[in-house]
Amino acid sequence: MAAVLIVDDEVQILRALQINLNARGYSTVTALTGHDALAQAAQHPVDIIILDLGLPDLDGVDVIRRLRRWNRVPIVVLSARHGSDDKIEALDAGADDYVTKPFGMDELLARLRAALRRGAPGDLPVVRTEGFTVDLPNKQVTRRGVAVRLTPTEWNILELLVRNSGALVSHDEILTHVWGPGYAGETAYLRVYLAQLRRKLENDPANPRHLLTETGLGYRFRE
């Protein structure tokens with residue numbers, strides 16, 4: 001079953017969700033604050049996030065925005081905020097669904113299943129350039145029809161860039177996604193791995209067409 005990150009500062013709700021989800025075969029990771037949620041999402045890849053908006057350190061909408069810089073995991077908001085403006089703001093920030101408290105467990109589980117179906121690997125694209133193909137659903141890369149062997153770290157960097165095709169992905173977003181929050185600022189890691197990816201994928205690694213450097217900012221994938 002899927003892995004779920006539960007984020008709520010109300011310990012009773014958090015524990016109740018964890019018990020109910022574990023009883024139904026889900027694995028769970030928990031967080032009580034927004035910063036803890038971001039760290040857990042980076043350190044423990046999960047399939048879906050249940051997120052309260054009223055957190056003690058960061059507003060839940062801010063957590064959604066920060067997650068969406070580098071992570072496309074489905075997010076189901078679970079909040080006591082009933083106003084339509086709150087719902088619109090959360091959905092516009094990148095949430096996939098919005099459930100209000102008090103809630104029924106059966107309804108929440110149905111919403112989770114629906115969000116997981118929408119985010120299933122089969123919905124991910126196969127991205128083709130003139131030199132190589134990135135098959136996101138199957139986690140494979142081929143160059144002129146021949147499979148390219150990537151290390152797990154190389155794949156994680158490439159996948160993040162491809163999922164955000166055309167958009168700038170900052171150094172810290174990549175470092176946090178791949179290595180965790182403690183590695184923010186360690187840009188030397190990225191230079192090494194981007195050089196390796198270019199050697200494996202680009203026709204002219206010294207003048208890349210697809211894995212582009214934005215000096216001082218980050219990297220961008222261009223199809």
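The questions and answers below concern a predicted model.

Q: Is Gln 18 buried or exposed?
A: Gln 18 lies in helix α1, which spans residues 11-23. Its relative accessibility is 19%. The cut-off for buried is under 20%, so Gln 18 counts as buried.

Q: Which residues is Gln 18 in contact with, leaving aside its neighbours within four places in sequence?
A: Gln 18 belongs to helix α1. Once neighbours within four places in sequence are set aside, its contacts are Ile 6, Thr 28 and Thr 30.

Q: Which strands stand at the edges of the five-stranded sheet?
A: The sheet is open, with parallel pairing and the order β2-β1-β3-β4-β5. From one strand to the next, the twist averages 20°. Two strands have a single partner each, so one side of each is left without a neighbour in the sheet. These edge strands are β2 (27-31) and β5 (97-100).

Q: What angle does the direction of α4 make with that of β5?
A: Helix α4 packs on the sheet and touches β4 (75-79) as well as β5. The direction of α4 makes an angle with that of β5 of about 145°.

Q: How are α3 and α4 oriented to each other, roughly parallel or roughly antiparallel?
A: The axes of helix α3 (residues 60-68) and helix α4 (residues 84-93) come within 8 Å and cross at roughly 15°. The crossing is left-handed. Angles under 35 degrees count as roughly parallel, and α3 and α4 are therefore roughly parallel.

Q: How many of the residues in the contact of α3 with α4 are charged?
A: From α3, Val 61, Ile 64, Arg 65 and Arg 68 take part, and they meet Glu 89, Ala 90 and Ala 93 of α4. The residues of this contact include four nonpolar and no polar ones, and the number charged is three.

Q: Is Asp 96 buried, partly exposed or exposed?
A: Asp 96 sits in the loop between α4 and β5. Its relative accessible area is 35%. Buried requires under 20% and exposed over 50%, so Asp 96 is partly exposed.

Q: How far apart in space are Asp 96 and Leu 116, C-alpha to C-alpha?
A: Leaving aside neighbours within four places in sequence, Asp 96 is in contact with residues including Arg 68, Val 73, Leu 91 and Arg 118. Asp 96 and Leu 116 are 20 residues apart in sequence, and their C-alpha to C-alpha distance in space is 9.9 Å.

Q: Which strands stand at the edges of the three-stranded sheet?
A: This open sheet has antiparallel pairing and the order β10-β12-β11. The twist averages 30° from one strand to the next. Each edge strand has a single partner, so one side of each lacks a neighbour in the sheet. The edge strands are β10 (168-170) and β11 (211-214).

Q: Which residue in β12 does Leu 211 stand opposite?
A: β11 pairs with strand β12 (residues 218-221) in the antiparallel sense, over four bridges. In β12, the residue opposite Leu 211 is Phe 221.

Q: At what angle does α6 run to β12?
A: Helix α6 (residues 152-163) lies across β10, β11 and β12. Helix α8 (residues 187-201) also packs on the sheet, touching β11 and β12, and its direction makes about 150° with that of β11. For α6, the angle to β12 is about 65°.

Terms used: Residues are numbered from 1 along each chain as its sequence is written. This is a predicted model: local features need pLDDT of at least 70, side-chain atom pairs count only at pLDDT 80 or more; totals for chains, interfaces and linings use all residues. Side-chain values use heavy atoms; hydrogens and water are left out. Buried means under 20% relative accessible area, exposed over 50%, partly exposed in between (1.4 Å probe, protein chains only). Contact means heavy atoms within 4.5 Å. Axes are lines fitted to C-alpha atoms, for helices over the stretch in contact, and angles run from 0 to 180 degrees between N-to-C directions. Angles under 35 degrees count as roughly parallel, over 145 as roughly antiparallel, 65 to 115 as roughly perpendicular and the rest as oblique. A crossing is left-handed if the near helix is turned anticlockwise from the far one by less than a right angle, and right-handed if clockwise. Ala, Val, Leu, Ile, Met, Phe, Trp, Tyr, Cys and Pro count as nonpolar, Asp, Glu, Lys and Arg as charged, and the others, Gly among them, as polar. Two strands pair if DSSP finds at least two bridges between them.
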